[in-house]
Amino acid sequence: MLTIGMHDHPHSLREKIQKEIDACEGLGYDAILLVYGLCGRATDGLMARETPLVIPRAHDCITLLLGSRNAYLQQQNDHPGTYWYSQDYLERSARYGQSMALGSASSDDRQTLYNQYVEKYGRENADYLIEIMDSWQKHYERAVLIETEFGVSAEILARAKAHTEQQGWRLEKMPGDLRIVKKLINGEWDQDFLIVPPRQRIQMQNDEDIITAMGISYYSDR
């Protein structure tokens, strides 16, 4: 089971996704669908074995909720540093005790990181590093709650409002668009997707395509 919050540890998440991919081999699937974006490079390096992989060309799940790379890019350009919420993420965050927003780390994760910093750099330096990491929140003024066709419950809206009021941010609601997710599930794999042939891997690239498929010099067994 790949639980919420694992994107805070991209290397570990990559290993776990690869294990899930490997476990699907030999089961007769035509393709393995990855409902992920690049996600902090967590999917960079994932390998197709004998079954093709299909993955959206997206930086993260916000693109999947907004419906296109262009919509994501416009938000990044017009409102850099926006804090994002969604109904499903807030529901699962409450269930598993994780942090509130898409892409943010949980309190347990931050405590683990802090302990690691203390061990490596000493308490004073650890305090400074965590303060710098948390300073990004001070520059935010806007938060967005993405509302898909499934709606947003009153409870989730209240949680988002309470959090933004605590932080001093303004809260906006934005209609979501699940077209990418639907196309992925329905096999409509157009320019919004990368199809990774067998014995190739996903590789990040610095252009609008975000990711590409690359051959591997050797075939690694499980």
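Is Arg-41 buried, partly exposed or exposed? In this predicted model, Arg-41 is partly exposed, because its relative accessible area is 42%. The residue sits in the loop between β1 and β2. Its backbone also deserves attention: although Arg-41 is not a glycine, its phi is positive, at about 70°. Ile-210 counts as buried, because its relative accessibility is 3%.

With these two residues located, the chain as a whole can be described. Eight helices and eight strands are found in the chain. The chain has 222 residues, and buried residues make up 39% of them. The chain exposes about 12600 Å², and carbon and sulfur atoms supply 48% of that area. Among the contacts in the chain with a separation of 6 or more, 60% are accounted for by residues 24 or more positions apart.

Helix α1 (10-23) contains 14 residues, and the distance from its first C-alpha to its last is 20 Å, close to the 20 Å expected at 1.5 Å a residue. The buried residues of this helix are Leu-13, Ile-17, Gln-18, Ile-21 and Asp-22. An α-helix has 3.6 residues a turn, so residues three or four places apart point the same way. In this model, the buried residues of α1 pack against β1 (32-33) and β2.

The discussion now turns to the nonpolar interior. In soluble globular proteins, nonpolar side chains tend to be buried together. The largest nonpolar core of this model has 17 residues, of which Ile-21, Leu-34, Leu-53, Ile-202 and Ile-211 touch the most other members. At least two residues of this core are supplied by each of α1, β2 (53-56) and β6 (193-196). Helix α1 gives the largest share, namely three residues. Ile-202 illustrates how such a residue is surrounded. When residues up to four places away in sequence are not counted, the contacts of Ile-202 include Leu-34, Leu-53, Ile-55, Leu-194, Val-196 and Ile-211. Thr-43, Asp-44, Gly-45, Leu-46 and Thr-212 are also among the residues that Ile-202 touches. A second, separate core has eleven residues, and Ala-143, Leu-145, Ile-156 and Leu-157 are among them.

Thr-164 counts as buried, because its relative accessibility is 2%. Residues up to four places away in sequence being left aside, Thr-164 touches Tyr-85, Ala-143, Trp-169 and Leu-171. Of these, Tyr-85 and Trp-169 belong to a cluster that ring pairs form together with Tyr-83.

How many aromatic pairs are there? The count comes to two. Tyr-83 and Tyr-85 form an edge-to-face pair, with 5.6 Å from centre to centre and 75° between the planes. Tyr-83 is buried, because its relative accessible area is 7%. Tyr-85 is also buried, because its relative accessibility is 0%. The other pair joins Tyr-83 and Trp-169; it is tilted, with 4.6 Å from centre to centre and 50° between the planes. This pair links distant parts of the chain: Tyr-83 belongs to strand β3 (residues 83-86), whereas Trp-169 is in the loop between α7 (154-167) and β5 (170-175), 86 residues apart. Both Tyr-83 and Trp-169 are buried.

The final topic is the cysteines. A disulfide is a covalent bond between the sulfur atoms of two cysteines. How many disulfides does the model have? The count is zero. For a disulfide, the two sulfur atoms would have to lie within 2.5 Å. Cys-61, by contrast, counts as partly exposed, because its relative accessibility is 31%.

Key:
Residues are numbered from 1 along each chain as its sequence is written. This is a predicted model: local features need pLDDT of at least 70, side-chain atom pairs count only at pLDDT 80 or more; totals for chains, interfaces and linings use all residues. Side-chain values use heavy atoms; hydrogens and water are left out. Rings of Phe, Tyr and Trp (its six-membered ring) pair if their centres lie within 6.5 Å; planes under 30 degrees apart count as stacked, over 60 as edge-to-face and the rest as tilted. Buried means under 20% relative accessible area, exposed over 50%, partly exposed in between (1.4 Å probe, protein chains only). Helices (H or I, at least four residues) and strands (E, at least two) are DSSP runs, numbered from the N terminus. A nonpolar core is a set of buried Ala, Val, Leu, Ile, Met, Phe, Trp, Tyr and Cys residues joined through side-chain atoms within 4.5 Å. Contact means heavy atoms within 4.5 Å. Accessible areas come from the Shrake-Rupley method with a 1.4 Å probe; for residues, only the protein chains shown count as cover. The expected span of a helix is 1.5 Å times one less than its number of residues.
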